[in-house]
Amino acid sequence: MRNLRARLVTRVVHSWFALARGMTLGVRAAAFDEGGRVFLVRHSYVPGWHMPGGGVERGETLKDALVKELREEGNLEMIGQAELFAVYFNKGTSRRDHVAFYRCTVTQTAPKRPDREIIESGFFALDALPDGVTPATRRRLEELAGRIPVSETW
């Protein structure tokens with residue numbers, strides 16, 4: 001009986017937190033090929049070049065979400081394990097959004113063809129990034145390189 005009650009109380013409390021303290025969570029990756037080039041995407045719905053990523057769905061782990069987004073946005077597969085670099089508060093998106101940012105090495109199984117979401121993508125040398133790279137993307141690359149301190153906000 002106690003176990004049932006504990007499960008019920010836990011369920012009620014977590015349901016309340018979902019309503020009262022709802023939070024969204026996403027993943028993004030600095031995905032490098034073996035030559036040290038970073039993979040960037042240009043979306044159809046927001047301006048600029050970004051690192052691949054997206055939302056974490058209910059029942060999905062951060063790693064599952066990362067693998068899914070890399071595959072969907074670039075036909076990318078990780079080589080080895082991704083390294084969690086930092087978790088950011090993404091106040092530019094909403095007052096409740098957070099982003100888990102990873103660094104990983106990838107291989108591309110096939111060129112990514114433009115679609116309704118990703119209109120352009122590719123690997124770029126860090127000293128030859130395309131015009132229109134977003135300020136947040138540039139900051140993350142500077143943080144990874146150790147040239148600026150890691151921020152708490154995206």
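Predicted model: local features only at pLDDT ≥ 70, side-chain atom pairs only at ≥ 80, totals over all residues.
Good morning. I begin with the strand pairing: strands S1 and S6 run parallel and are joined by nine bridges. One example from S6 is Arg-103, the bridge partner of Glu-83.

I turn now to the largest pocket. How much space lies in the largest pocket? The figure is about 810 Å³. Its lining comprises 35 residues, and those nearest the centre are Thr-24, Leu-25, Gly-26, Gly-55 and Asp-97. Several elements give two or more residues to this lining: helix H1 (2–20), strand S1 (24–32), strand S4 (53–55), helix H2 (62–74) and strand S6 (97–108). Which of the elements gives the most to the lining? That is S1, with five residues. By class, the lining holds twelve nonpolar, 13 polar and ten charged residues.

Finally, I would draw attention to Asp-131, located in the loop between strand S7 (118–124) and helix H3 (135–144). Is Asp-131 buried or exposed? Asp-131 counts as exposed, because its relative accessibility is 74%, and the cut-off for exposed is over 50%. The C-alpha atom of Asp-131 is separated by 8.1 Å from that of Trp-49, although the two residues are 82 residues apart along the chain. Thank you for your attention.

Definitions and conventions:
Residues numbered from 1 in each chain as written. Heavy atoms only, no water. 1 Å grid on protein atoms, 1.4 Å probe; cavity = no way out; pocket = protein on both sides within 12 Å on 5 of 7 lines; lining within 4 Å. Points joined across faces, edges and corners; volume = space filled by probe spheres on them. Helix = DSSP H or I, 4+ residues; strand = E, 2+ residues; numbered from the N terminus. Nonpolar A, V, L, I, M, F, W, Y, C, P; charged D, E, K, R; others polar. Pairing = 2+ DSSP bridges. Buried < 20%, exposed > 50% of the residue type's maximum accessible area, 1.4 Å probe, protein only.
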